Amino acid sequence: MKIIDLRSDTVTKPTPAMRQAMAEAEVGDDVYGEDPTVNRLEKLAAETVGKEAALFVPSGSMGNQLALMTHCGRGEEVICDVDAHVFHYEMAAAGVLSGVQLHTVRGLHTDEGLSAISDHIREPLSYLPKTRLLCLENTLNRGGGSVMSAEQMAVAYRLAKEYRLQVHLDGARVFNAALALQCEVADLACYTDSVMFCLSKGLGAPIGSLLAGSKEFIECARRYRKLLGGGMRQVGVLAAAGLIALQNTSHLADDHANAKALAEGLASFPGVNVNMAKVQTNMVMARLEDSPYPVGEFLQKAATAGVLAGPMGRDTVRFVTHRDVNAGDIKVVLERLENIF
Ligand code: TLP
């Protein structure tokens, strides 16, 4: 039985073209800035998001944390959504590594949330921490891969600038966002001071993320990357796969169509609730509120039937489509899950 893995878009395997490019990559010592493949990737990444410079990092988490570290001083505050990845899934690194406090806001990414940002910005009083950074996430992972429009990002950016805040975008899946919004990634990134995006999610590379921003910002982030032990040497072997991923993003449209088809199928099952309005990219959140099984038991039954998905909170299951599943696989998934329900 073929296992269909929808736990995350991080599970894709490198394509034969990627493996060949990795084998043939021209490399050098990147800590000396001498890896030509990394240099090409960083240049292309910066151009793609419309920033002056970019830095290749091993993971999205490191990219986000370098952004926090570079933008903020110790004891300062970062405003982010209560559902943000930096808050939930980065091992409290904001506090551990940068000594910053995350100030979480419910519904930050909605129109109401954005217009209320100023309520969360600290007054300049000697006994309050300084608010330094606004951290947005597009698409919003715990929001079911929902997107924030360029207009919404512009509102956030203008407000942030009014209060002299920096803006960082956790754009792990910003290519999915741009596709859903029918715009370029640069049309979103222009409302940020820094942006992190992942090669290892929807873009389908085995490893790696990019942090982009001004030349000065990236120079500083490069030093912090070394501090964290992220100075990699002949890492062009990985950048080579990343270059292919960054230049071939057309399969994302299939991922989005597959997520829609999956969502429609799941919503037709008894006891399963899917908010179709939130199925905007490559994720489906299925609430099992009236289902006969709690999440853990459902996931186990699904795994036995050859379908892997992940838990998202107490009553919700997350399915993520990606390059290594096709429309036929989605049909198989629905057949297998129908048997469970
Ligand atoms: N997200 C992973 C898990 O950590 C939840 C996933 O499977 O979705 N920002 C966002 C929005 C992310 O979704 C992720 C990974 C990251 C940052 C971190 O990337 P990595 O895993 O490369 O450190």
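Analyst: Let us begin with one definition: a residue counts as buried when its relative accessible area is under 20%, as exposed when it is over 50%, and as partly exposed in between. Please keep in mind that this is a predicted model.

User: Why is Leu169 called buried?

Analyst: The relative accessibility of Leu169 is 0%, and because buried means under 20%, Leu169 counts as buried. Leu169 has its place in strand β6, and, leaving aside neighbours within four places in sequence, it is in contact with residues including Leu136, Met153, Val174 and Val195. Contact here means heavy atoms within 4.5 Å. By way of contrast, the C-alpha atoms of Leu169 and Glu24, which are 145 residues apart along the chain, are separated by 33 Å.

User: What makes Asp5 and Arg7 a salt bridge?

Analyst: A salt bridge needs a side-chain nitrogen of Lys or Arg within 4 Å of a carboxyl oxygen of Asp or Glu. For Asp5 and Arg7 the distance from N to O is 2.6 Å, and the side chains therefore meet in a salt bridge by that definition. With a relative accessible area of 15%, Asp5 is buried, whereas Arg7, at 41%, is partly exposed. A search of the whole structure finds 14 salt bridges, and Arg287, Glu289 and Asp315 are linked in a network of them.

User: How do you know that Glu42 and Arg222 form a salt bridge, and which parts of the chain does the pair link?

Analyst: The closest N and O atoms of Glu42 and Arg222 are 3.1 Å apart, which is within 4 Å, and the pair therefore counts as a salt bridge. This pair links distant parts of the chain, with Glu42 in helix α2 and Arg222 in helix α11, 180 residues apart. Glu42 has a relative accessible area of 6% and is buried, while Arg222, at 29%, is partly exposed.

User: Why are β2 and β4 called edge strands?

Analyst: The sheet in question is an open one of 7 strands, in the order β2-β8-β7-β6-β5-β3-β4, with mixed pairing. β2 and β4 stand at its edges because each has a single partner strand, so that one side of each is left without a neighbour in the sheet. On average, neighbouring strands of this sheet are turned by 20° against each other, direction ignored.

User: What makes β6 and β7 a pair?

Analyst: Two strands pair if at least two bridges are found between them. β6 and β7 run parallel and are joined by 4 bridges, and the pair therefore meets the definition. Within it, Gly171 stands opposite Phe197 in β7. Helix α11 packs on this sheet, touching β2, β7 and β8, and its direction makes about 20° with that of β2.

User: What does the same test say about β10 and β13?

Analyst: Here 5 bridges join the two strands, which run antiparallel, and they therefore count as paired. They belong to an open sheet of 4 strands in the order β9-β10-β13-β12, with antiparallel pairing. Its edge strands are β9 and β12, each of which pairs on one side only. Met283 stands opposite Val320 in β13.

User: How do you know that the span of helix α15 is close to the expected one?

Analyst: Helix α15 has 14 residues and reaches 20 Å from its first C-alpha to its last, close to the 20 Å expected at 1.5 Å a residue. Its buried residues include Ile330, Leu334 and Leu337, and what covers the buried residues of α15 includes α13, α14 and β13.

How values were computed:
Residues are numbered from 1 along each chain as its sequence is written. This is a predicted model: local features need pLDDT of at least 70, side-chain atom pairs count only at pLDDT 80 or more; totals for chains, interfaces and linings use all residues. Side-chain values use heavy atoms; hydrogens and water are left out. The expected span of a helix is 1.5 Å times one less than its number of residues. Buried means under 20% relative accessible area, exposed over 50%, partly exposed in between (1.4 Å probe, protein chains only). Axes are lines fitted to C-alpha atoms, for helices over the stretch in contact, and angles run from 0 to 180 degrees between N-to-C directions.
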